[in-house]
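I opened my notebook to look through one chain. My plan was to go from single residues to the whole fold.

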Amino acid sequence: MRAFYHPDQARHAPQQYMRFGRLVPVKDLPVRTERLLGTLARHGIAPEPPAALGTAPALAVHTPAFLRFLETAWERWTRLPDHGPEVWPNTFPYWSGRPEDPARPDCPAGGLVGQAGWYLGDLSVPLGPDSWGSILRSSETAASAADAVLAGARAVYALCRPSGHHARADRASGFCYLNNTAIAAQRLRGRFGRIAVVDVDAHHGDGTQQIFYGRADVLTVSIHADPDDYYPFYTGRPEETGHGAGLGFNLNLPLPHGAGGDAMLAALDTAAARVAGFGAEVLVVALGYDAHRDDPIGVLGLGTEDFGAVGRRLGAMGLPTLVVQEGGYAVDAIGGCLDAFLSGFDEGARR
Ligand SMILES: [Zn+2]
């Protein structure tokens, strides 16, 4: 497997995060990438730096106004009197909650504080001085990995950080700013007619769902913990199956809290049958490790070895595959999860 990563992606160092009414230390620590890089080294995989593609790949799925906000927010923030350490909204505009809504109109407010509420969907996506650089590099890593698949690579891993699958066309949320998985999937349309996205992060891939919700060329499948009492709360239910031309091309497979490897693998079998029925030509895997039982914000019960079985099932689909790194916050477990996944994937793909 080839891999892509840029060291700038470790520079984004968020300071604060709101959970259960308290400011707590963030979970997306730069050390996460060190652990994952260590695993790649043990597999003899040297990550390649992404090409300097700029914002073009992200603009294929995000609105220009949203990107302009992300790029300029920190500099504008520093001009506010008595500003805090990071860009954080103090207002949240009403959103319909309907997954079929594509991007909203551009934020009607010209000022930064109003725009922060419009474009930052919750209190887990602060922007600091180095955030934009990491966000952009992370998207370039996904796009470069897609380019490698377009050029004929069978399996490529994009070590993205920050993560992306909660980012909508025009909104950051859930530690995610630009939707790397969606950026990669969209780029693969350059050669492939039918793209399948399978998201095994413990959280519903709501941003990816929204971006492709009205489209029949990208099948989005998400396996995640029941969102009734778990982030992202408002989407991720089985009855969300797509909209308009995309009706029937979104599949949500929520798992009960506490579910372990068996439930995940049963859902993956359902996902694999759907991907095969769709006639997918290429697979994008949104890979998180927060289904691990040690995850500090997790509610599922997978063990490290279960990620090997997940990799085997995905490798056995027999498709060119782009694996995009999403969440996973048990710093001492994630290196082992990637290790098991890579070994399992190779095994499944060889069969
Ligand atoms: Zn997650």
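**Entry 1**

I looked up F20 and found it exposed, because its relative accessible area is 74%. Exposed means over 50% relative accessible area, buried means under 20%, and partly exposed lies in between (1.4 Å probe, protein chains only). I noted that this is a predicted model, where local features need pLDDT of at least 70, side-chain atom pairs count only at pLDDT 80 or more, and totals for chains, interfaces and linings use all residues. Residues are numbered from 1 along each chain as its sequence is written, and side-chain values use heavy atoms, with hydrogens and water left out.

F20 sits in the loop between β2 (17–19) and β3 (22–24). Helices (H or I, at least four residues) and strands (E, at least two) are DSSP runs, numbered from the N terminus. I read the phi of F20 as near 50°, a positive value in a residue other than glycine. Most residues other than glycine have a negative phi.

I then turned to D82, whose phi is also positive, near 50°. D82 lies in the loop between α3 (64–77) and α4 (112–119). D82 counts as exposed because its relative accessibility is 83%.

Which peptide bonds did I find to be cis? One runs from R161 to P162, with omega near 0°. Another runs from Y231 to P232, with omega near 5°. Most peptide bonds are trans. I placed P162 in the loop between β4 (155–158) and α6 (180–188). P232 is in the loop between β6 (218–225) and β7 (250–255).

P49 belongs to the loop between α1 (31–42) and α2 (56–59). With 57% relative accessibility, P49 counts as exposed. What does P49 touch, leaving out residues up to four places away in sequence? I found F4 and Y5. Contact here means heavy atoms within 4.5 Å. P49 and H6 are 43 residues apart along the chain, yet their C-alpha atoms are separated by 5.2 Å.

**Entry 1: the cores**

I looked for nonpolar cores next. A nonpolar core is a set of buried Ala, Val, Leu, Ile, Met, Phe, Trp, Tyr and Cys residues joined through side-chain atoms within 4.5 Å. The largest one has 51 residues. Among the residues with the most contacts inside it are F69, L70 and L120. Helix α5 (residues 131–150) gives the largest share of this core, nine residues. A second, separate core has 50 residues, including A155, Y157, L255 and F341. In soluble globular proteins, nonpolar side chains tend to be buried together.

Not counting residues up to four places away in sequence, F69 touches R76, L112, Q115, A116, Y119, L120 and L127.

**Entry 2: the whole chain**

I counted 10 helices and nine strands in the chain. Of its 351 residues, 58% are buried. The C-alpha trace spans about 60 × 45 × 40 Å along its principal axes.

Why does the radius of gyration agree with a compact globule? A compact globule of 351 residues would have a value near 20 Å, and the chain has 18 Å. The radius is taken over C-alpha atoms, and the globule rule is 2.2 Å times the number of residues to the power 0.38.
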